[in-house]
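These are my notebook entries on a structure that I examined by topic.

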Amino acid sequence: MADKKARLTIDGIDEVFELPVYSGTMGPDVVDVRALTGKGLFTYDPGFVSTAACDSSITYIDGGKGVLLHGGYPIEQLAENSDYLETCYLLLNGELPTAEQKQTFVNTVKKHTMVHEQMNHFFNGFRRDAHPMSIMVGVVGALSAFYHDSLDIDDAHHREVCAYRLIAKMPTIAAMCYKYSIGQPFQYPRNDLDYADNFLQMMYGNPCEDYVTNPVLAKAMDKIFLLHADHEQNASTSTVRLAGSSGANPFACIASGIAALWGPAHGGANEAVLTMLNEIGDEANIEEFIVRAKDPDDSFRLMGFGHRVYRNFDPRAKVMKQTCDEVLAELGIENDPLLKIAKRLEQIALEDEYFVERKLYPNVDFYSGIILKAIGIPTNMFTVIFALSRTIGWISHWSEFHSSPNKIGRPRQLYTGPTQRDYPTK
Ligand code: SDX
């Protein structure tokens, strides 16, 4: 696999370490440093800024060029021509489905949208004002108490059944989190509706009247699901892979991904963007917040800006901005004050030397919150939507990990604590 070598010399050590260098189909070459442990050395990379933790064929990102590919297909083309469930099939199988394969996939997902009636009882332990992400992480974790018929993680069919169940049930659970928080009865899924329509009717339908979705909103919802589906080895996906490496229950692994996603530096940013825009309140206040964002002594960051990988526009943000304009125009709220603040904030930040120098551009979360708010999704449900969407990415990576022999993940450290010492004798 390696026809190239890296050579490492270290002061005080006579040996020249030859390390294999591997090339993927796209992206940077990697230096295989595993042999260094045998030489009494570790590599050091807090935050995994330059570490390839695995091989993967699911998603490719070029941060410098703002490129995102799923199975080789650019995200812009998938957003324009595909839909969320077709993209789920692509992420799971590595190829787009034929028309027949897609229909079978959609029908199979539809047969798994209900949750076990026992699941309803888990909600009652939560306060009604609990953050929906706290409910979701608990309830999805509780799925690990069910489905003992398909938990051989080395069986590809069992892994596929887990994927179907999760893709199908996450919208149901997400809507249940919302219904519970507002004291309304849970809405059952309906198999006569498409994925996004079904989610919206579970969110906004009720037993007293028929709910008819606005097709523009349903299309925007599906596009938001698609744009958030997967993103290589981000923090939550890496969490799922690491949890999966111990052989843990797949539903418990997804719960670990939900927990990691919740942070404001990651999937919690969409909620934080809306909070920030509301805090800014008026275009006249933007400058004050830009100053705070640039102040190293102020923990405030411009939420929805910056990215560990993208040093250019997040390609998803561009599609999201276009969808935002479409949705607000459809709803006749193109003059939404938050959108005006967001667009002015983006314009100022993109011209400011601090952001230009650090290559800080709007990311996927910058516009998604404005669309979700326009669709009527409450702010505290934004990251729940992100978790719903990203479940396919998590379970695809979890399945890829288990599809070939792999070791438990076990990083090491640079120890900076006390050297060995004896317990003081009395
Ligand atoms: C997601 O990994 C993924 O793929 C994630 C994701 C996915 O789909 O899974 O794309 C989803 O999580 C998108 C990111 C959402 N988070 C936010 O919008 C929160 C705001 N952004 C920042 O917290 C930050 O940009 C991160 C966390 C996203 C990235 O942080 P890094 O890579 O660790 O970069 P850094 O903190 O080292 O920042 C480099 C410099 C620093 O300044 P200096 O020390 O060089 O002076 O840029 C500054 C930072 O202070 N900086 C910001 C900033 N982001 C970075 N300054 C102000 N506002 C910001 N938003």
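This is a predicted model: local features need pLDDT of at least 70, side-chain atom pairs count only at pLDDT 80 or more; totals for chains, interfaces and linings use all residues.

**Entry 1: ligand contacts**

I found a nitrogen atom of the ligand 2.8 Å from a polar backbone atom of Phe-305. I then turned to the side chains: Arg-316 places a polar side-chain atom 2.7 Å from an oxygen atom of the ligand. For Arg-358, I noted a polar side-chain atom at 3.1 Å from an oxygen atom of the ligand. I also checked the burial of the ligand: taken alone it exposes 1,000 Å², and the protein buries 75% of that.

Which residues come nearest to the ligand? I counted 23 residues around the ligand, and those that come nearest are His-231, His-307, Arg-308, Arg-316 and Arg-390. By class, I recorded 10 nonpolar, seven polar and six charged residues in the shell around the ligand.

**Entry 2: the second largest pocket**

I next looked up the second largest pocket, which holds about 370 Å³ of space. Its lining has 22 residues, and Ser-82, Asp-83, Tyr-84, Asp-194 and Asp-222 are the closest to the pocket centre.

Which helices supply at least two residues each to this lining? I listed helix H1 (75-81), helix H2 (84-93), helix H3 (99-110), helix H7 (195-204) and helix H8 (215-227). H8 gives the largest share of the lining, with six residues.

**Entry 3: cavities**

How many cavities of 30 Å³ or more does the structure hold? I found two.

The largest cavity has a volume of about 110 Å³. I recorded 16 lining residues for the largest cavity, with Lys-110, Thr-113, Leu-193, Tyr-195 and Asn-198 nearest its centre. H3, helix H6 (156-182) and H7 each supply at least two residues of this lining. The largest share, four residues, comes from H7. I noted that H3 and H7 are also among the helices that supply the lining of the second largest pocket. The lining of the largest cavity divides into nine nonpolar, four polar and three charged residues.

For the second largest cavity, I read a volume of about 30 Å³. Thr-172, Ala-175, Met-176, Lys-179, Phe-186, Gln-187 and Met-202 line the second largest cavity. Here the largest share, four residues, is supplied by H6. I classed this lining as four nonpolar, two polar and one charged.

**Entry 4: the sheet of E1, E2 and E3**

I then examined the sheets. Strands of a sheet pair through backbone hydrogen bonds, either parallel or antiparallel. In what order do the three strands of the open sheet with E1 stand? I read the order as E1-E2-E3, with antiparallel pairing. Strand E1 (4-10) and strand E3 (30-31) stand at the edges with a single partner strand each, so one side of each is left without a neighbour in the sheet.

I traced the pairing of E1 with strand E2 (residues 13-22): seven bridges join the two strands, which run antiparallel. Two of the bridge partners I looked up in E2 are Phe-17 for Leu-8 and Val-21 for Lys-4. The hairpin of E1 and E2 has two residues between the strands, and Gly-12 takes a positive phi near 90° there.

**Entry 5: the sheet of E4, E5 and E6**

I found a further open sheet of three strands, in the order E4-E5-E6, and its pairing is antiparallel. Why is one side of strand E4 (59-62) and of strand E6 (73-74) left without a neighbour in the sheet? Both strands stand at the edges, and each has a single partner strand, so no neighbour lies on one side of each. I noted two bridges between strand E5 (residues 67-70) and E6, which run antiparallel. As an instance in E6, I recorded Pro-74 as the bridge partner of Leu-69.

Definitions and conventions:
Residues are numbered from 1 along each chain as its sequence is written. Side-chain values use heavy atoms; hydrogens and water are left out. On a 1 Å grid over the protein atoms alone, a cavity is a set of points where a 1.4 Å probe fits but cannot get out, and a pocket is an open set with protein on both sides within 12 Å along at least five of seven lines; lining residues have an atom within 4 Å of a point. Grid points are joined across faces, edges and corners, and a volume is the space filled by probe spheres set on the points. A residue is near a molecule or strand if one of its heavy atoms lies within 4 Å of it. A polar contact is a pair of N or O atoms within 3.5 Å; within protein, one must be able to donate a hydrogen and the other to accept it, and residues adjacent in sequence count only if both atoms are side-chain atoms. Accessible areas come from the Shrake-Rupley method with a 1.4 Å probe; for residues, only the protein chains shown count as cover. Ala, Val, Leu, Ile, Met, Phe, Trp, Tyr, Cys and Pro count as nonpolar, Asp, Glu, Lys and Arg as charged, and the others, Gly among them, as polar. Two strands pair if DSSP finds at least two bridges between them.
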